[in-house]
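Subject: Structure handover

Hello,

Please find the structure below.

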Amino acid sequence: MRLARCLTTAVVGVFVALGVATALAPDAVIAISRHMVSPVGVYAAAALRCGIGIALLLIARESRAPAILGIMGVALLVAGFTYPFLGVDSARARIEWEAGHMMFLRLEGVLFAWAGLLVHKLSKPRDAGFSNAPSNNSLERTREG
């Protein structure tokens, strides 16, 4: 349970930080991306994607939406494993395309931040928020007798 919370915090932090940075300062993100494009950078990005994918798979087991988080985790693992095969030229081409389409890049940033918030909400344990305490709901009290 504690590991899941730590992993959730890390994953949400990465998603939200990347999303907010991309939405608010896309030029800076493009400049940093151009600087990091190299064989080592491609492997680092692939490792980050695989790490987040594994974290999502571990989080999914105890979450209230294991299927959704599991699918996200598998998708990131597949992306992480295939990214090095696409190579540096492919990464450079994607960065240049995004540099020419700033509105798309900003939207991508907003979606990343939203995905972080979605992971935060879905990663809570299945029984979170439910208790065996008596309800204050008058409809339930009348049914109980």
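Which backbone oxygen lies 2.7 Å from a polar atom of the side chain of Thr 22? The backbone oxygen of Leu 18 does. The pair falls within the cut-off for a polar contact, which is two N or O atoms within 3.5 Å; within protein, one must be able to donate a hydrogen and the other to accept it, and residues adjacent in sequence count only if both atoms are side-chain atoms.

Before the rest, some ground rules. This is a predicted model, in which local features need pLDDT of at least 70 and side-chain atom pairs count only at pLDDT 80 or more, while totals for chains, interfaces and linings use all residues. Residues are numbered from 1 along each chain as its sequence is written, and side-chain values use heavy atoms, with hydrogens and water left out.

Overall picture

The protein has six helices and zero strands, so from the N terminus on the elements read α-α-α-α-α-α; helices (H or I, at least four residues) and strands (E, at least two) are DSSP runs, numbered from the N terminus. Of its 145 residues, 32% count as buried, where buried means under 20% relative accessible area, exposed over 50%, and partly exposed in between (1.4 Å probe, protein chains only). The protein exposes about 9,500 Å², and carbon and sulfur atoms supply 68% of that area. Accessible areas come from the Shrake-Rupley method with a 1.4 Å probe; for residues, only the protein chains shown count as cover. Among contacts with a separation of 6 or more, 81% are between residues 24 or more positions apart; a contact means heavy atoms within 4.5 Å.

Confidence

The mean pLDDT (the predictor's confidence in each residue, from 0 to 100) is 87, and 86% of the residues reach 70 or more. Where pLDDT is low, the predicted coordinates should not be read in detail.

The cores

A nonpolar core here is a set of buried Ala, Val, Leu, Ile, Met, Phe, Trp, Tyr and Cys residues joined through side-chain atoms within 4.5 Å. The largest one has 16 residues, and those with the most contacts inside it are Val 11, Phe 15, Ile 52, Leu 56, Leu 69 and Val 119. Helices H1 (2-24), H3 (39-60), H4 (66-100) and H5 (102-122) each supply at least two of its residues, and H3 gives the most, with five. A second, separate core has nine residues, including Ile 30, Ala 46, Tyr 83 and Ala 91. In soluble globular proteins, nonpolar side chains tend to be buried together.

Not counting residues up to four places away in sequence, Leu 69 touches Leu 56, Ile 59, Ala 60, Ser 63, Val 119, Leu 122 and Ser 123.

Helix H1

The 23 residues of H1 should span 33 Å at 1.5 Å a residue, and the end C-alpha atoms are 32 Å apart, which agrees; the expected span of a helix is 1.5 Å times one less than its number of residues. The buried residues of H1 are Ala 4, Leu 7, Thr 8, Val 11, Val 12, Phe 15, Gly 19, Thr 22 and Ala 23. Their cover includes H2, H3, H4 and H5.

Thr 8 has 9% relative accessibility and, beyond four places in sequence, touches Ile 59, His 120 and Ser 123.

Helix H5

H5 has 21 residues and reaches 30 Å from its first C-alpha to its last, close to the 30 Å expected. Its buried residues, among them Leu 105, Glu 108, Gly 109 and Val 119, pack against H1, helix H2 (26-36), H3 and H4.

Phe 104 is also in H5, but is partly exposed, with a relative accessible area of 38%. Leaving aside neighbours within four places in sequence, Phe 104 is in contact with Trp 97 and Glu 98. Its C-alpha atom is 9.6 Å from that of Ala 23, 81 residues apart along the chain.

A loop residue

Arg 64 sits in the loop between H3 and H4 and is partly exposed at 43% relative accessibility. The C-alpha atoms of Arg 64 and Arg 126 are separated by 4.2 Å, although the two are 62 residues apart along the chain.

Regards
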